[in-house]
Amino acid sequence: MTFILTKAGKKLFEKHLEQYAPQDPLYEMYTDSKGKQQRRKRALPPGLSPRDAKILQSVKRRAHYLDKGFHLCGFRFGWTFLIGLIPVVGDVVNALLNYYLVIRKAKQADLPGWLSQRMMMNNLASAVVGSVPVVGDVVVAVFKTNSRNAALLEEMLRLRGEEYMKLQEGDAGGLSRRDVEQVKPGNGWNRMSLILAANAGSSSLKISLFRLAHPVDLVLTCSISNITAPPAQFSFNGATESVPAETIADHASAFSHFLTRIDDPLQIACICHRVVHGGDYATPVVIDHAAYDHIAALSDLAPLHNGAALAVIKACLEKMPKAKSIAYFDSAFHSTIPRHIASYAIDQCIATKRGLRKYGFHGLSYSFILRSVAHFLERPISSLNLIVLHLGSGASACAIKAGRSLDTSMGLTPLSGLPGATRSGAVDPSLIFHYTNKAGRITHDPGMAVNLHVTTAEDILNRKSGWKVLTGTTDFGEIVKRAKIDARTYAFKVNGGDKDGHEEEMDEWTLAFNLFVDRILDFVGAYHLKLGAAVDALVFSGGIGERSKELRQVVAARARCLGYAKVDPAKNAELGEDVVVDIGQKGEGKGEREKRVLVCRTDEQLEMARSCALDEKFWK
C-alpha cells in the first residue's frame, strides 16, 4: 500500500468519523409506541457481504461484553474492567483479549493496514493507561477500547456497503480510484451470491431474484400468467408483453424464457421453490431424487400447485445443475397444530398409515405475516395471538397462538375451508355424489351405488366450483363492483331479511360476495373462541385481503361485536406503501389485548429468500 493511497484513505475515513463517540456497539435505546424506553439490537449497515456481516456482528457482540457486558450497583461494566483490577497480569490479559477477540477478528474483513494500526494503537493506549492502579482502570472503562474499535470497523464496512450498492445500481459512486482501493466495495461477496425464488401457481409463475445482503435485497421481479391459456403474459420488472404458445407452453418453458432475460444465471447459488404440499416435511430440503419423488407422490393432494412446482424444479435441475434447488413447503408452518385439531374422526390406524390428517397451507405467507406484524407491533413473535386471513383465488384462515399455528381452515388438501375462485371450499362430503348425474336419486341402498371416480370429484370441486361458477368470473374485483355491498345492509340480511322476515332476492354477484363473507366469519368467530378472546390483531392479506376495501369493511364491521377496532374509512381506502398498515381507529380495540385490524402485504418469495440466506447449511 503506497503512502499516497494510505493518506487518501485516512482522509476519507476521518471525514466520516467527525461525529464519532463510542457507544454500546450491540444495542441502542428507542422509544416504543407507549412512550417507554426500550433496548434493541443495532441494525447492520446495508450492502454488506455475508462474510462482512458475520464478522461485524461477531466483533460488536464481543466488544459489548468486554466493555459493558453487565450491570453492577446501577452502573454498566465490562469484563475488561474487572480483569484490569488485577495488577500487571490483568492488564496483559486485557490486551490479549482485546487483540484476539476483537482486532484479529476485525482484520478478517480485509481492512487497510492503516486502520488495523489504528485499532492496535487504541489497544496499546488502553494497556498503558490501565497499568496505573485503579485510576487507570477507571479511565480504560470510560475509554471503551473495544467499542471504539468496533465502531471503526462498522464505519469502514458501512462505506464499503454503500459503495457496493451504488455500483450494483449502475452508479459509479462518489469515490476516487484511490479511495476505492481503500474501501474495497464488494469485497467478501461470493460470485454465486444470488437467490432465485419461484412461486408456481396452476397457470402462473412468479419469480423474484435477490442478492445476499441483510439478509437479502430485491434485484428484479418477473411474473408469467395465462400459461395454460396462451398467449402467456410475461411481465419483467414491470414491463408486460404477450408471448406466443410456441415460446411459452407450460411452466418449464416459462422458466426457460425467464432465464433468457437475465445477464448471468451462473451467479444464482440457490433456487427456492414454493411447494404447497410437503406431507411430513417440517423444514426446507435440498431437492434430490428422494425429495423429488416425495413431492410427486403428494401431487394428488394439491393438484393445482404441486405439479406446476415439479415442472419448474425439473427445469432448474436440468438447466442450472450447479445451483441448489430447495423446496419450501406451505404445509410446514402448520406442523405445530395439536393432534386433536389435526385429526379426523376416522379409523386412526388407516389415517396414520395413509397420512390422512389436516396439513394446512399458505404457510410461507403466514410466516411472513407473523414476522412482519411482530415487527410492526414491536412485540416478540412468541407473544402474539393473531387471526390471519389469507384471501385470494385460493383462500384460507389461520389461528396463531403464541407465535405458532393453532388451527387453519385448509385440511388434508387445499380444497377444504374457504371457497376460492374455482374451489368449493368445505361442503358436505356426500354432496358430490348427488351433484353429478351419475348419482341418480338419493338413496342409502348400497346396491344402488354408482361409481364416481375420485378424479372426477376433485375436478368438480377444485376447478369447476367457487365464485367462477356462481358468477362466471374468477375476478373478485369484478364481483365487488357488481355486488350490492353495504356493511349495514349485509348485517340486516343475514339477520332475517326485510321487516316481514322475507329475504330479499340476491343477484349472483351479491350472492358470491355474501357467501364468501359468511364463510370468513365462520372461521373468525371460531378462532376468536379458540384463542380465548385474547387476540392481538385480525390481519387481512392475500390479493383480495390487500385490495378489497369493501370486503375488509364488511368483515371488520361484523367482528366489532367481539371487540375488534372499528375501521377508519380513510385508512382503509388508502393503505400507503408500508408492509403492515393499521386500518382501525386508535383506541377502539377492547379487552386485555388491543384487537387491532391490520392489513399485511405478504411476500412468499421474500420469505423463502430470507430463510435461505439465513440458513448456513445451504451455503456450506
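Which strands form the open sheet of six, and in what order? A few friendly notes on this and other features follow.

1. This is a predicted model, so local features are reported only at pLDDT of at least 70 and side-chain atom pairs only at pLDDT 80 or more, while totals for chains, interfaces and linings use all residues. Residues are numbered from 1 along each chain as its sequence is written, and side-chain values use heavy atoms, without hydrogens and water.

2. The six-stranded open sheet runs E15-E14-E13-E16-E18-E17, with mixed pairing. Its edge strands are E15 (404-408) and E17 (580-582), each pairing on one side only. From one strand to the next, the twist averages 25 degrees. Strands here are DSSP runs of at least two residues (E), helices runs of at least four (H or I), numbered from the N terminus; two strands pair if DSSP finds at least two bridges between them.

3. Within that sheet, E14 (residues 396-401) and E15 are antiparallel and share four bridges. Ile-400 has Ser-405 in E15 as its bridge partner. Helix H14 (residues 363-377) packs on the sheet, touching strands that include E13 (386-390) and E16 (537-541), and its direction makes about 125 degrees with that of E18 (596-600). Contact means heavy atoms within 4.5 Å; axes are lines fitted to C-alpha atoms, for helices over the stretch in contact, with angles from 0 to 180 degrees between N-to-C directions.

4. The other open sheet to look at has eight strands, ordered E9-E8-E7-E6-E5-E10-E12-E11, again with mixed pairing. E9 (239-243) and E11 (285-286) are at the edges with a single partner strand each, so one side of each has no neighbour in the sheet. E10 and E12 (residues 324-329) run parallel, joined by six bridges, and Val-275 stands opposite Phe-329 in E12.

5. Ala-269 sits in E10 (residues 268-275). At 10% relative accessibility, Ala-269 is buried (buried is under 20% relative accessible area, exposed over 50%, partly exposed in between; 1.4 Å probe, protein chains only).

6. The whole structure holds 24 salt bridges, each a side-chain nitrogen of Lys or Arg within 4 Å of a carboxyl oxygen of Asp or Glu. In one of them, Arg-42 meets Glu-28 with the closest N and O atoms 3.6 Å apart. Arg-42 lies in the loop between E2 (37-41) and H2 (50-68) and Glu-28 in E1 (residues 27-31), so the pair ties together parts 14 residues apart in sequence.
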